[in-house]
Amino acid sequence: MTTAMIITMVLCFAFSISVAVSIGLSALLGIGFYSDASLFELPRQAFLAIDKFPLVAIPFFILAGNLMETGGISRRLVDFAKSLVGGVQGGLPMTCVLTCMIFAAVSGSSVATTFAIGAILIPALIKHGYPRPWAASLQATSAELGVVIPPSIPMILFGVSAEVSIGELFIAGFGPGLFIGGALMLFVYLYCRWKGWGKQDGDGKLPGSSALLDVGALVGVLVAFWLGNRVVGTWIADGMTEQEFDRITDLTGIVLAIGYVVALMLVPSVRAALLQRAMFALLMPVIILGGIYGGVFTPTEASVVAVFYALVAGVFVYREVKPRDLLPVLKKSVISSAVIMFIIANAGAFAWLIDRAGVPEQIGLWLRATLESPELFLLGVNLALFVIGMFIETSASIIVLAPILVPVAIYFGIDPVHFGMIMVVNLALGMITPPFGVNLFAACTVAKISLDQIVMRLLPFVAVVIGCLMVVTYVPALSLTLRDLVYR
């Protein structure tokens, strides 16, 4: 049964049938001809695969990313990043990487990051003399950080599939995400110096004082929240029960932070400056990630908060989201969410069948017998995932493979959170490798070039990310140190 299902899926891929349909047809074949289960079991298992509360976060994070793009948040993040690093030679490509890192801290999607940031920076890179294929390659690679830096849709899927804490996965993603982002920035800086590109990258950038204004205002918000939470709130809630104490202190911190922002906005000159700057855009990831790790809301609830904040910022603060824009944004988000959910549903039915056939246990026993050490196991898994990621969409790969590989990783003494980081970073490479790299198609669409024009320019970027993957794989502290500080 399993062999027939896999052959069917590979043949479907060869005929360019979509990933979701290919997996669904394979599951239908397996349950219809080789299983003693009823055909009605297929829709039941498909429904059970998506009937998981954490998956609610996916459509909301996608909607938040699209609202950020429409509401001017992404443009202000670009201006902020450029004011920090845009003045050096190669500063514009470094701006691309840095902006993607910040945008990734909210969107959770690499494709959304490609379109939102690429629509601004690819034309700017081309205007400053960078080759069009190189600009598209840079954007596609930088946008990969959208699934490595939390919140991340693939991390949510891994957590659900492997029964691993999503909060721990999120905080573990900061180390690898910042490391890969830093490596890419260093690479493009040295590469541009070598090629002699980007000597005029500082033209049109905002002064450094602009970034200082944003950071200063943001620090003020955090200080106001801390004073409300730890000083005023503690005084008010003295003597209350633990639950009431937490609620009152959090609420007091939020009220003082909002009061601080309102006070700033009452000063006309400060209000005019802030509305042109990125402070409210930078505040978004602070609220989302601070709320998750501060215990104010769960990662799933954070996705709804992200939508609410993006909507308020776009409509009432920056005033760039008009009522007529909402329907196209919702339509785009629904389509993207439906595609992912359809993949998850079909992959769930497929995974149930191979689990019923005992495949995960057989693969686990084979891996344990063949790869005798954790180092060899991780090397073999990385090679396999790299090839798989080139042909199968990241979400489907995680849902099918995580339940199979995680028990083996645990057998070899590998922390499942660390293994999750390895899987996410490795399969994210599939987003920038032909033939089915979704980031490549998105970047080529924005840059208006064909896929074959981008491949050679892409190779150095892939090499950098592979080097980072090896560090993430064999230096667990990069992923686990921050996790251990927060959760242990």
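Modeller: A helix is a DSSP run of H or I with at least four residues, a strand is a run of E with at least two, and both are numbered from the N terminus. Helix H22 covers residues 438-447, and lysine 448, which follows H22, has a positive phi, near 60°.

Colleague: What kind of model is this?

Modeller: This is a predicted model, in which local features need pLDDT of at least 70 and side-chain atom pairs count only at pLDDT 80 or more, while totals for chains, interfaces and linings use all residues. Residues are numbered from 1 along each chain as its sequence is written, and side-chain values use heavy atoms, with hydrogens and water left out.

Colleague: Why is arginine 483 called buried?

Modeller: Buried means under 20% relative accessible area, exposed means over 50%, and partly exposed is in between (1.4 Å probe, protein chains only). Arginine 483 has 3%, so arginine 483 is buried. Arginine 483 belongs to helix H24, residues 477-487.

Colleague: What makes the pair of glutamate 168 and arginine 483 a salt bridge?

Modeller: The term asks for a side-chain nitrogen of Lys or Arg within 4 Å of a carboxyl oxygen of Asp or Glu. In this pair the closest N and O atoms are 3.0 Å apart, so the salt bridge counts. Glutamate 168 is in helix H10 (residues 166-172) and arginine 483 is in helix H24, so the bridge ties together parts 315 residues apart in sequence. With 14% relative accessibility, glutamate 168 is buried.

Colleague: Which other residue forms a salt bridge with arginine 483?

Modeller: Aspartate 484 does, with the closest N and O atoms 2.7 Å apart. Aspartate 484 has a relative accessible area of 31% and is partly exposed. Through shared partners, salt bridges join Glu168, Asp415, Arg483 and Asp484 into one network.

Colleague: How many salt bridges does the structure hold?

Modeller: The structure holds 4. One of them is between the side chains of glutamate 320 and arginine 76, at 2.9 Å from N to O. Glutamate 320 is in the loop between helix H16 (299-317) and helix H17 (323-356), arginine 76 is in helix H5 (residues 73-85), and the two are 244 residues apart. Glutamate 320 has 26% relative accessibility and is therefore partly exposed. Arginine 76 has 5% and is therefore buried.

Colleague: Which residues is tyrosine 474 in contact with, leaving aside neighbours within four places in sequence?

Modeller: Contact means heavy atoms within 4.5 Å, and on that basis tyrosine 474 is in contact with Glu375, Leu378 and Leu379. From C-alpha to C-alpha, tyrosine 474 and leucine 379 are 9.5 Å apart in space, and they are 95 residues apart in sequence.

Colleague: Which residues of helix H22 are buried?

Modeller: Asn439, Leu440, Ala442, Ala443, Cys444 and Ala447 are buried. Their cover includes helix H7 (110-127), helix H8 (132-143) and helix H23 (455-474).

Colleague: Which residues touch the most other members of the largest nonpolar core?

Modeller: A nonpolar core is a set of buried Ala, Val, Leu, Ile, Met, Phe, Trp, Tyr and Cys residues joined through side-chain atoms within 4.5 Å. The largest one has 158 residues, and Ile58, Trp134, Phe158, Phe280, Met284, Phe377 and Phe419 touch the most other members. Helix H6 (residues 91-107) gives the most to this core, with 12 residues. Not counting residues up to four places away in sequence, methionine 284 touches Ala64, Met68, Ile73, Val106, Ala306, Tyr309 and Ala310.

Colleague: Why does valine 219 count as partly exposed?

Modeller: Valine 219 has 42% relative accessibility, which falls between the limits of 20% and 50%. Valine 219 lies in helix H12.
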